[in-house]
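Dear colleague,

I am passing on the structure we spoke about, and I would be glad if you could read the notes below with it open beside you.

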Amino acid sequence: MLPQCAPNEHWSYSNTNYVLLAKIVEKVSELSYETYLKQYIAEPLNLTHTTTQPTKQREAHGQTYDYEKHQYRKALDDPYLHKIEKYNDEYGDGGIYTTVAEVAKFLKAFLQGRYISTKTVHFMLTSTEVTKNYSYGFIIQSEWVGHTGGWIGCSAQAFINIFTEEVVVLAMNQEVFPQYEQEIMDYLMGKQYDVKAPKYVEPLPFTSKDNITGRYELADGLGTIFTIEKGVQFVISFENQLSMPLFKIDKSYYWIRNTMSYVDVANHLFIEEGVEMPFKKVS
């Protein structure tokens, strides 16, 4: 399969690339992904709870929020979990179990060059030519670097200050409104003094004016297409990806459930983790 573009022409985050990376690690090292994780990261840093194969008593049970009944439910009872699980047979793009303390320990060891060279650390934390907010595996937020992640019923964020080495790690086993989670992080990082966003948003009812169905193309240079369809409710899907519900949170502003992504129909913008990307409707 040919690449979508030449190096340094475009940027697009891809979980699948991390699945490929795990396969490369196994091929080069001749070790399983779990064994490599243990041998080269967990054991040298004494991360005793970091693994892809946790014991049952150490598993956290996630909860999702039912916006129709306005109550939490077990993630295992969420119908979308079973739909998305068919995409969850691979590894490398997630599925690591650990504790917030060990994530903090890992980030500090990484920044200090304790298991890879400081030259490689500097390279990994340098933004790419095509995006200022992302480097090689790290989101860049001024002096803070780290990443977010999540699955149905859980989410996590981990960032470290490159100057002070302060670490903020947030792990949640409840599905909350992403702006609420982000404001908690901003509060912990000293960027704001309180949390104003709701823990879960109150969606607005759809009306006949919500004429948003159709196919749309992002202006990302890659021809990325997403589709909005109307069934029991509006859902959005990208090619070869699971459909996710859309919730209306303003007049023409829609949130994609379980993500930090929004569709601003009035301004023709797709917004992902604060990054705005124009789109147009196509036939």
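**Salt bridges around Arg 257**

In this predicted model, Glu 175 and Arg 257 meet through their side chains in a salt bridge, with an N to O distance of 2.9 Å. The two residues belong to distant parts of the chain, since Glu 175 sits in the loop between E6 and H6 while Arg 257 sits in the loop between E11 and E12, 82 residues apart. Both Glu 175 and Arg 257 are buried.

Arg 257 also forms a salt bridge with Asp 78, and here the closest N and O atoms are 2.6 Å apart. Asp 78 lies in the loop between E2 and helix H3 (79-84) and Arg 257 in the loop between strand E11 (253-256) and strand E12 (261-264), so this pair ties together parts that are 179 residues apart in sequence. Because buried means under 20% relative accessible area, Arg 257 counts as buried at 3%, and Asp 78 likewise counts as buried at 0%.

A further salt bridge joins the side chains of Arg 73 and Asp 66, at 3.2 Å from N to O. Of these two, Asp 66 is buried, with a relative accessible area of 9%, whereas Arg 73 is partly exposed at 24%. The structure holds five salt bridges, and through shared partners Asp 66, Arg 73, Asp 78, Glu 175 and Arg 257 are joined into one network.

Strand E5 (residues 154-161) runs antiparallel to E6 and is joined to it by six bridges, and Val 169 in E6 is the bridge partner of Ala 158. Five residues lie between the strands in the hairpin of E5 and E6, where Glu 165 takes a positive phi near 65°.

**The nonpolar cores**

The largest nonpolar core has 22 residues, and those touching the most other members are Tyr 67, Phe 159, Phe 177, Tyr 180, Met 185, Met 189 and Trp 255. At least two residues of this core come from each of E6, helix H6 (178-188) and strand E13 (269-272).

Which residues does Phe 177 contact, once its neighbours within four places in sequence are left aside? Phe 177 is then in contact with Pro 198, Lys 199, Tyr 200, Val 201, Ile 249, Trp 255 and Tyr 262.

**Positive phi angles elsewhere**

Most residues other than glycine have a negative phi, and two further residues deserve a look on that account. Asn 8, although not a glycine, has a positive phi of about 65°; Asn 8 is found in the segment before helix H1 (15-29) and counts as partly exposed, at 44% relative accessibility. His 70, also a residue other than glycine, has a positive phi near 55°. The loop between strand E1 (63-66) and strand E2 (71-74) contains His 70, which is partly exposed with a relative accessible area of 42%.

With best regards

Technical notes
Residues are numbered from 1 along each chain as its sequence is written. This is a predicted model: local features need pLDDT of at least 70, side-chain atom pairs count only at pLDDT 80 or more; totals for chains, interfaces and linings use all residues. Side-chain values use heavy atoms; hydrogens and water are left out. Two strands pair if DSSP finds at least two bridges between them. Helices (H or I, at least four residues) and strands (E, at least two) are DSSP runs, numbered from the N terminus. A nonpolar core is a set of buried Ala, Val, Leu, Ile, Met, Phe, Trp, Tyr and Cys residues joined through side-chain atoms within 4.5 Å. Buried means under 20% relative accessible area, exposed over 50%, partly exposed in between (1.4 Å probe, protein chains only). Contact means heavy atoms within 4.5 Å. A salt bridge is a side-chain nitrogen of Lys or Arg within 4 Å of a carboxyl oxygen of Asp or Glu.
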